[in-house]
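Dear colleague,

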Amino acid sequence: MKKQIIEFIGTFFLVLTICLSGNPIAVGVILAAMIYMGGYISGGHFNPAVTLAVYLRKKIDQPTAIQYVIYQVLGALAAAFIAYLVTGNAVVPKPGANITFISVILIEAIFTFALASVVLHVATSKRTDGNQYFGLAIGMTVMAGAFAAGGISGGVFNPAVALGTILVDMPNIASNLPNLVMYIVGQLIGAALAVSVYNIVTKD
């Protein structure tokens, strides 16, 4: 249960920061901080796409992966709800104007691929075991992705962020569902591709 609680806490503060600031620097910093806080306990995933990549890498078992995803989504829901109570506004990620369905899936897949690749190399590889830069590397990847893709796809790269914020905006759930599908499909594709490439380029 300790690992699951950490996944809840880390995802909670990540999503709360997204909802209250939307600033890529703040998001990258809080993610790095939460990873350093809880990485030694749970691995510091805070993202179902990352959990999928680590599971496919066979670094966690299926029951643990499922529990992680549940607690990540619960943490995202709690954060999005609190942000709504505090501000009176539901913060829901959306693609930029005139951005196509395929473009969103492609961009989310590409930057989730980058995120999952960084996680696999700095946090699961024997060659980088014990390093002190893993949290910074992961946080900076999300920060850069948010700056680069925020105006295109919304810069989500995390199914828990998409699901938690969209479910809290219940009155608009029907209009937001297509965005949820785009995000989750792109992100899971990106995570799975990251594992495939990792297995090709490494031997551990």
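Helix α6 covers residues 134–149, where helices (H or I, at least four residues) are DSSP runs numbered from the N terminus. Its 16 residues should span 22 Å at 1.5 Å a residue, and its end C-alpha atoms are 22 Å apart, which agrees; the expected span is 1.5 Å times one less than the number of residues.

Please note that this is a predicted model, in which local features need pLDDT of at least 70 and side-chain atom pairs count only at pLDDT 80 or more, while totals for chains, interfaces and linings use all residues. Residues are numbered from 1 along each chain as its sequence is written, and side-chain values use heavy atoms, with hydrogens and water left out.

Several residues of α6 are buried, among them Phe 134, Ile 138, Val 142 and Met 143. Buried means under 20% relative accessible area, exposed over 50%, and partly exposed in between (1.4 Å probe, protein chains only). The buried residues of α6 pack against α2 (24–42) and α5 (101–123), contact meaning heavy atoms within 4.5 Å.

A search of the whole structure finds four aromatic pairs; rings of Phe, Tyr and Trp (its six-membered ring) pair if their centres lie within 6.5 Å, with planes under 30 degrees apart counted as stacked, over 60 as edge-to-face and the rest as tilted. Phe 8 and Phe 12 are stacked, at 6.3 Å centre to centre and 10° between the planes. Both belong to helix α1 (residues 2–20), and because they are four residues apart, about one helical turn separates them. Phe 12 also pairs edge-to-face with Phe 13, at 5.1 Å and 90°.

Yours sincerely

Technical notes:
Helices (H or I, at least four residues) and strands (E, at least two) are DSSP runs, numbered from the N terminus.
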